[in-house]
Amino acid sequence: MRIESLRTVAFRNLRDCGFEPGPTVNILYGDNAQGKTNLLEAAWLFTGSRSFRGAADHEMIRIGSEKSALAMNFIARNAPSEAKIDIQQRRSATLNGVSLESAARLAGEFCCVIFSPEHLGLVKEGPQLRRKFLDAAICPLWPRHASNLFEYNRVLAQRNALLKDVQNHSELMDTLSVWDEKLAALGGKIIFTRLRYLARLAPKAQEIYGGITQGKEPLKITYRCGSGAQYDCQLDSASESQRVLYALLLEGHRSSLHQDMEVGWTHTGPHRDDLVIDIEDLSARLYGSQGQQRSAVLALKLAEASVLGQALSEAPVLLLDDVMSELDRSRQEYLLNHIGGWQVLITCCDPAGLEVLSDGRIFEVKKGAATRIN
């Protein structure tokens with residue numbers, strides 16, 4: 001999968017012109033506020049997702065303009081395609097000349113994986129971001145996971161509301177068991193799917209991190225349950241694994257019932273679990289340097305792309321925003337020259353060190369335009 005050309009009109013601060021990346025590594029360098037990240041954002045919108053920067057649609061329209069327009073020619077499944085997005089109060093889209101119900105319908109047509117500075121929270125911040133990363137990475141592979149998450153959160157809200165009500169209405173106590181069983185069944189499915197995905201992701205992330213660090217710093221990724229329970233089920237039998245998880249979760253709900261009633265919320269379940277990232281057997285969050293933390297997140301995102309590529313039978317496009325900072329020269333060299341089989345767009349501020357790029361294109365981004373310099 002690769003971008004052939006990207007054209008923008010009245011999008012952020014980008015000039016109304018085209019950008020033609022090469023099929024391998026593409027470096028976009030320039031000072032801050034020149035439009036580097038805006039180019040990645042424009043490309044990302046063709047996945048059908050919202051802005052990875054959290055921007056509302058109307059915020060991406062150039063100040064003083066009524067609407068923005070984007071167009072991309074790309075190769076997917078060995079066939080050329082053209083997609084267009086118009087942005088006003090909301091986004092609309094066409095694919096190969098056919099109008100879509102919404103821009104979200106582009107999902108699955110063009111696939112890419114984004115790394116941005118906000119993703120450093122995967123290591124630095126709490127477990128919620130790591131759960132969100134796992135679930136977002138899983139859904140393109142197994143879409144049923146999204147509906148399981150939605151239903152689980154609905155049932156969880158019902159149980160939490162009942163925990164509060166039962167303190168004043170003891171006659172409701174008997175209904176708790178029904179919600180416990182529903183929550184345990186859904187939770188078992190969610191944890192099983194996370195473990196199944198992690199079995200693919202973790203070895204690849206460890207391999208990539210080993211390449212970035214030249215094997216000097218082993219990376220370890222494990223799934224930890226917020227309740228303290230250990231889920232050591234076999235992943236070769238979905239039904240048996242989910243039965244084991246169901247039993248463990250149901251017992252967890254029952255054993256923590258008194259504590260749950262005291263605080264009015266549920267202690268046990270996938271909504272409290274975490275992805276633990278260790279470097280040299282120490283917590284990357286507590287003890288990792290800035291470079292180690294950035295390298296760990298980068299390894300996770302590259303592993304995500306690799307797993308997705310295997311599922312799609314073609315590599316997604318990689319968008320790496322401000323990934324070079326706080327990496328030493330050896331890690332930068334690995335990043336530039338050892339990511340094979342992908343189309344990669346990398347932004348950075350400082351062109352120093354780009355001479356080590358053995359194959360690819362370098363663009364200077366200035367005042368909203370990308371100019372190729374090699």
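Me: In β13, which residue is the bridge partner of leucine 320?

Reply: Isoleucine 346 is the bridge partner of leucine 320. Before we go on, this is a predicted model, where local features need pLDDT of at least 70, side-chain atom pairs count only at pLDDT 80 or more, and totals for chains, interfaces and linings use all residues. Residues are numbered from 1 along each chain as its sequence is written, and side-chain values use heavy atoms, with hydrogens and water left out.

Me: OK. How many bridges are there between β12 and β13, and in which sense do they pair?

Reply: Strand β12, residues 317–320, pairs with β13 in the parallel sense over 3 bridges. Two strands count as paired if DSSP finds at least two bridges between them. The strands themselves are DSSP runs of E, at least two residues long, and helices are runs of H or I of at least four, numbered from the N terminus.

Me: And what's the strand order in the sheet?

Reply: The order is β8-β12-β13-β3-β14-β15, an open sheet of 6 strands with mixed pairing. The edge strands are β8 (112–115) and β15 (369–372), each of which pairs on one side only. From one strand to the next the twist averages 20°; axes are lines fitted to C-alpha atoms (for helices over the stretch in contact), and angles run from 0 to 180 degrees between N-to-C directions.

Me: Is β13 buried or exposed?

Reply: Mostly covered: 5 of the 5 residues in β13 (344–348) are buried. Buried means under 20% relative accessible area, exposed means over 50%, and partly exposed is in between, using a 1.4 Å probe and protein chains only. Val344, Ile346 and Cys348 are buried on one side of β13, and Leu345 and Thr347 on the other.

Me: Switching to charges. How many salt bridges does the rule give?

Reply: The count comes to 16, where a salt bridge is a side-chain nitrogen of Lys or Arg within 4 Å of a carboxyl oxygen of Asp or Glu. One of them joins arginine 12 and glutamate 41, at 2.8 Å from N to O. That pair links distant parts of the chain, with arginine 12 in the loop between β1 (2–9) and β2 (18–19) and glutamate 41 in helix α1 (residues 36–44), 29 residues apart.

Me: Why is glutamate 41 called buried?

Reply: Because its relative accessible area is 0%. Arg12 and Glu41 are also linked with Arg53 in a network of salt bridges.

Me: What about arginine 130, which residue forms a salt bridge with it?

Reply: Aspartate 274, with the closest N and O atoms 2.7 Å apart. Arginine 130 is in helix α3 (residues 127–138) and aspartate 274 in strand β10 (residues 274–279), 144 residues apart. Arginine 130 is buried at 5% relative accessible area, and aspartate 274 is buried at 17%.

Me: And how are lysine 301 and glutamate 304 placed in helix α9?

Reply: They are separated by about one helical turn, because they are 3 residues apart in α9 (290–312). Lysine 301 is buried at 6% relative accessible area, and glutamate 304 is buried at 13%.

Me: Rings next. How many aromatic pairs does the structure hold?

Reply: It holds 3 aromatic pairs. Among them, phenylalanine 19 and phenylalanine 363 are edge-to-face, 4.9 Å centre to centre with 70° between the planes. Phenylalanine 19 lies in β2 and phenylalanine 363 in β14, so the pair ties together parts 344 residues apart in sequence. For the cut-offs, rings of Phe, Tyr and Trp (its six-membered ring) pair if their centres lie within 6.5 Å, and planes under 30 degrees apart count as stacked, over 60 as edge-to-face and the rest as tilted.

Me: Are phenylalanine 19 and phenylalanine 363 buried or exposed?

Reply: Both phenylalanine 19 and phenylalanine 363 are buried.
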